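Student: I am new to this structure. Please take a close look at one part of it, the aromatic rings, and then connect that part to its surroundings.

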Amino acid sequence: MTALPEDLRYTEEHEWVRKLGPTRVRVGITDYAQSQLGDVVFVQLPGVDSDAAAGESIAEVESTKSVSDIYAPLAAKVVAVNELLDSEPETLNSDPYGDGWLFELEVADAAALDAELEKLLDAAGYQGVIGG
């Protein structure tokens, strides 16, 4: 398993969140999550311009083992999805922190985004969740 990137925030549901700008984040699943899922065969992403509610299921990842919900880490609008995953869902397995990202969210207020990110786990906190 690869080391956890220190610049990301994490959820207990095994998503990572990368801040892209003052009001925008990119979301994906962790290396631990993709290793637990096994070979990813299909990804259902949210619609662009849809609203995400914090903690609600927003996407699904289907693997040879199971179907897993992906939860929105914060309340925001979906502003981009990774269309590469339509044709190459296995990218989630091979590059979970890079090309295997899922979607991008945007909030109206930079201070609110910072406050939400502070509620998420840092790399050490997430390591504790997965028993590292």
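**Aromatic rings and the cores**

Tutor: Y97 is buried, with a relative accessible area of 13%; buried means under 20% relative accessible area, exposed over 50%, and partly exposed in between (1.4 Å probe, protein chains only). The model is predicted: local features need pLDDT of at least 70, side-chain atom pairs count only at pLDDT 80 or more, and totals for chains, interfaces and linings use all residues. Residues are numbered from 1 along each chain as its sequence is written, and side-chain values use heavy atoms, with hydrogens and water left out.

The structure holds 2 aromatic pairs. Rings of Phe, Tyr and Trp (its six-membered ring) pair if their centres lie within 6.5 Å; planes under 30 degrees apart count as stacked, over 60 as edge-to-face and the rest as tilted. Y10 and Y126 form a stacked pair, 5.0 Å centre to centre with 15° between the planes. Because Y10 belongs to strand β1 (residues 9–10) and Y126 to helix α5 (residues 123–129), this pair ties together parts that are 116 residues apart in sequence. Helices (H or I, at least four residues) and strands (E, at least two) are DSSP runs, numbered from the N terminus. Both Y10 and Y126 are buried.

The rings of W16 and Y97 have planes at 45° and centres 6.2 Å apart, so that pair is tilted. It links distant parts of the chain, since W16 is in strand β2 and Y97 in the loop between α3 (91–94) and β9, 81 residues apart. W16 is buried, with a relative accessible area of 0%.

The surroundings include nonpolar cores, each a set of buried Ala, Val, Leu, Ile, Met, Phe, Trp, Tyr and Cys residues joined through side-chain atoms within 4.5 Å. The largest has 28 residues, and V43, I58, I70, L92, L102, F103 and L105 have the most contacts inside it. Among the elements that give two or more residues to this core are β3 (24–29), β6 (57–63), β9 (103–106) and α4 (110–119).

Leaving aside neighbours within four places in sequence, F103 is in contact (heavy atoms within 4.5 Å) with residues including V25, R26, V27, I58 and I70. R26 also lies over the face of another ring, that of W101, at 4.0 Å from the ring centre; a charge sits over a ring if NZ of Lys or CZ of Arg is within 6 Å of the ring centre and within 35 degrees of the ring normal.
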